[in-house]
Amino acid sequence: MLGQVGHAALALMSLLLLLWHEAAPIEVPQDLKILQDLKQPPTIIKQSVKDYIVDPRDNIIIECEAKGNPVPTFSWRRNGKFFNIGKDPRVTMRKRSGTLEIGFRSGGRPEDYEGEYQCFASNDFGGALSNKILLRVSKAPLWPKEVLEPVSVTEGSPLVLPCNPPPGLPPPFTFWMDSGMSPIPQDKRVSMGLNGDLYFSNVLARDAHTDYSCNARFLFTHTIQQKNPFTLKVQTSRKVAESTPTFLSPSGTESSKMVLRDEQLLLECIAAGLPTPTIKWFKKGGDLPGRKVKFENYNKTLKIINVSEEDAGEYVCMANNHLGSIRHSIFVQIKAAPYWLDKPSDLVLAPDENGRLVCRANGNPKPNIQWLINGHPIEGYPPNPNRQVLGDTIIFRSVQIGSSAVYQCNASNQHGYLLANAFVSVLDMPPRMLGPKNQLIKVIENNRTFLDCPFFGSPLPDLRWFKNGQGSGLDGGQYRAYINGTLEIKRARAEDEGTYTCVANSILGTAENQVRLEVKEPTRIVRLPEHQSAVRGSTTRFDCKVKSDPSLTVTVAWMKDDKPLYLGWRLRKDEESLTIPNVNEGDEGTYTCTVKSEIDQDSASARLTVLDRPDAPMDLDLSDPAARSVRLTWIPGNDHRSPITEFLVQFEEDRWEPGRWQKLSSYPGDLNSVILQLAPFVNYQFRVIAINSVGQSPPSGPSPRYKTSGAAPDAIPRGLRGSGSKKDNMEITWEPLLDLERNGPNLHYSIWWRRKDSGEEWSNVTTVGSKHVVHNTETYVPYEIKIQARNEFGSGPESNVVIGYSGEDKPSDAPTDLRVSKVDSTKVNIHWKSVNPNTVRGEFKEYRLYYWRESSQVPGLIVNKEKKTKGFYSTMAEPSGILSDLVPYSKYKMFMVVANNHFESSPSNTVEFNTKEGVPDAPRAVRMHSKSLDTISLEWEKPLEPNGILIGYQLKYQRVNGSRLGRPHLETFLPNVTEFTLRLPDRSTRYKFFLSAMTQVGAGEVYAEETPHFTNEVAPGIWDLTVVPNSDYANVSWSHNFPAGSSEFVLEFTLDSDKTVKVVSVKQQPPITVADLIAGATYHLRVYSHELNSISSNSVTFKTKPAYIDHVDIATQGWFIGLMCAIALIILILLIVCFIKRSRGGKYPGGGCVTGFAKYLVRDKKDLPLDPVDQKDPDGSFDYQSQ
């Protein structure tokens, strides 16, 4: 019956747990204002370790610190009883702390204070406990006095030298030394065990020593204690018997080992035997944990760190040598002191809320869980309907104000214990805002944005958001409200700007705060820096153009290789770029432009690669020698980031042009070993130049010299030809072989010649020059010629036969019957009879016509009678041709000769003819100007070449309106009329004029001009032309009213003697200087506009001065003036000195000073004795006695 009731009660309890709603514990923010007002039970924040070993030479400090509100008070228990600190003068407690300090300045033994201590921290809301701290004093006992007998052992036998260090706290660290304080050498045969003993698997004769000493080092006291040394005697024999392995440690075939979880496992097997056995380890039923296992002490020790339950099992060590093996099994058990699975944590609840404390721990064996309240077992408290203990869990229901306390959970087993404090605090607090008031938040458009509104209250308030004080709470759609008070705006837009209000509400009251949101345009780099390759010494530029919100302040910073860039004096930065002048290797790297505003940033990077000419190739080496080749190998230099595209191989030889480097050949940039094709009989040395896109490297160092052997010539002399320099010889010439084509010493040439088609034998000669003259030849006879080069090693190939000719002579016959027909104004047909080809006496070149303009048929016109030539090549019996480009209405003369390469024949008959009348050239010096506001005047001069009798002038003019021309008007003038005035219908009317001269043949070349745009209705003009001539130059000045820089001026100089014209164009404003004039010559000068040729000055006549030599006036020369000033200054100084001497009573009476100076001038450069008044004393000083 009772069992049924119990089962029913458990079922009901389970149902209640399922229906029971637990509130989430309140997280108290770390806000100073809240923490100051928040009442909380104590919490231990610092304490000494559980196993606390202290140095007896120091004061003892047992730490215990706690926090809480109000500030906790502290008390201690020692060995389970209240420790009355006030009664012990050596014990003090620090202020606002529970830490104990035990001092021994006035006496006392630290050992008297060994024991178990526990700290209590308490205030009005509960009490917290520290761990039980076991205090022990470090001990370093002396080694017991003992007399150690010498140890005698047979060679090959095992041996154990015991250490047995004195028990210390903590245990000492042991090691073996000899009397010289040197460590005993350890190896596979001799080693120290975990217990400190020294093990010999087999003893050798060299192990016999008298000073095997075990040492113990105590950590706390920093002292080393030494055991009396062992003396080891080894009994040797001729033959040492080998033995199978046996275990020195551990003994037997199996043993066991227990270790706690998370500690380290050390297993040891030390074996005896001869030869020394090898140790191996295994684990039955599995593999050794490879990541945690380590083998030490020459494989004799197996070490596993941080052991866990899966490391338990049977471990086997095996010792073996060639005589056999032996095994030992070690059964490892893993136990565990308690460790946390779920450590209880502080619990803050509001009134009427539910909660729980959980304390879960594990261990081996499973730990026992005990609950305490404020340091006392929970069983000692009366039952509380709001609190229920269910094993490792305490459940709280409908907690009330005043039920705050500190709960302790103690989990323990035989291997240790865990103690945890967790307070339960019942808190009521009206809503409070924790963030800054009226915060301004600036965000970037289209970014996710969070508006924070930290708050607190107990019970936890509800929080809602409002925008601009209107509408219902913001949640959903564009907005998302989080339980911690944060409002998320998923994508901020311009319309999201405004004032947001967060309101926290609970049964205890209401609190609110406001956040002002501003949405800004993003800061972006719109023109990014680009990767660049720059040649060293050049200038490069990285762009970084920024676009940002106008209301934000933006800063631009540059980084190089992720470090701030130092600009210095060389680098220049502006708002949109970084300029690097005179780039060098140190500038290479990655440049990053970072643009920052107060709320966002952007960055972009680009790499600068600095290019340079390659370094010189190195380590030139010659190999694979042959008669006409050798292999050249080199190591390329640094290409400075611009790949080498070509290698240039140069050579220097010391026979013909020593010291001069010449190109041999070039090779692709991916080769560094090439076969060089060489010429014979040359003593070479080589060098290599690397070439990349930047330029050429410096040359490499020269290679060793390489001399090729001689050979017969390979080349045929070039340019073989024969021609006569006289009528009875033929010069045979050719180009000598190049130095590198000689192939050997004693180079000479063999030449053969014979008359063509004569059947004669070859004539030949050998010479070292490059010419041979054949004498006594007939005039202009063809010869066959060939040549061959030879040296000491043999003959080269013969050349092909070429045809040469002997010398030419003056043609014996002249062309005859020269005549003309079809005479026109500019051309005429000519006819003549040819000569016999044999009379040319050389290579026929042409029939050469000489012609000149004898005179013009225009009265008074002076012409140039310079002879001109025109050649006609024809082999007809009665050839003809056309002579063109003649001047109309002129009288011409001409004759003809026949010509070969060197001579002309006698002239033919001379022929005279007159060209017909033609049309004239354009009128000259056309000028256009305005004499009044309503007229335009045109003036001109006669054509330079009238080409006939002028009968008048023809002027056509049309009104101009933009690009359209009006109705044409035609005016004709007599030859003596050279001006025309046109009345304008209004001041803005413009005309275009077409002027030409006329002969009986018709109108000649037309001169076209358009009236200009006149500034302020005043026509531009040029006047006041003045000339100041010198011998070979003249200074020219004039006035004009052209706008500055609107026109280029032309100065036209006409030489009076031969009417030649010199034109000088100038852009600068007058006056100007014109050079290169003829001294003593008469010139006519006019100045006109280059753009408006009709706008010209009147003509001015002047004559340059005759040539003369400038005579220098010495009185005006600077050096002469300086010399005269220096002399005057010296005279003045001497006069001042004389007057000073006289005033002091010197030997100069009266005007003796001036007289003496005059005498000095007279004596200059003469060997005259000094006057008595000038004599010095014997010591070389002057006598300045007073009179």
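**Exercise A: a salt bridge between loops**

Work out whether Arg641, with a relative accessible area of 32%, is buried, partly exposed or exposed, and then find its salt-bridge partner.

*Solution.* Start with the cut-offs: buried means under 20% relative accessible area, exposed means over 50%, and partly exposed is in between (1.4 Å probe, protein chains only). At 32%, Arg641 therefore counts as partly exposed. Before going on, note that this is a predicted model, where local features need pLDDT of at least 70 and side-chain atom pairs count only at pLDDT 80 or more, while totals for chains, interfaces and linings use all residues. Residues are numbered from 1 along each chain as its sequence is written, and side-chain values use heavy atoms, with hydrogens and water left out.

Now for the partner. A salt bridge needs a side-chain nitrogen of Lys or Arg within 4 Å of a carboxyl oxygen of Asp or Glu. Glu588 and Arg641 pass, at 2.5 Å from N to O. Glu588 sits in the loop between strands S54 (577–580) and S55 (589–596), and Arg641 in the loop between strands S58 (629–635) and S59 (646–653), so the bridge ties together parts 53 residues apart in sequence. (Strands are DSSP runs of E, at least two residues, and helices are runs of H or I, at least four, all numbered from the N terminus.) Glu588 has a relative accessible area of 19%, so this one is buried.

*Solution.* Asp342 belongs to strand S28 (residues 324–342) and Arg360 to strand S31 (residues 360–364), 18 residues apart. Asp342 is partly exposed at 30%, and Arg360 is partly exposed at 37%.

Some are joined up: Arg527, Arg541, Asp543 and Glu576 are linked in a network.

**Exercise C: disulfide handedness**

Find the handedness of the Cys163–Cys214 link and of the Cys453–Cys502 link.

*Solution.* A disulfide is a covalent bond between the sulfur atoms of two cysteines. The test used here is a pair of cysteine sulfur atoms within 2.5 Å, and the whole structure has 6 disulfides.

For Cys163 and Cys214, the sulfurs are 1.9 Å apart. The torsion about the S-S bond is about -65°, so that link is left-handed. Both ends are buried, Cys163 at 0% and Cys214 at 0%.

For Cys453 and Cys502, the sulfur atoms are 1.9 Å apart. The torsion is about 70°, so this link is right-handed. Cys453 and Cys502 are both buried.

**Exercise D: the annotated helix**

Describe residues 1119–1140, starting from the UniProt annotation.

*Solution.* The unreviewed UniProt entry calls 1119–1140 a "transmembrane region"; such annotations may be inferred rather than shown by experiment. In the model, this span is 100% helix and 0% strand, with its end C-alpha atoms 32 Å apart. Look at Ile1136, in helix H3 (residues 1118–1143): at 45%, this residue is partly exposed.
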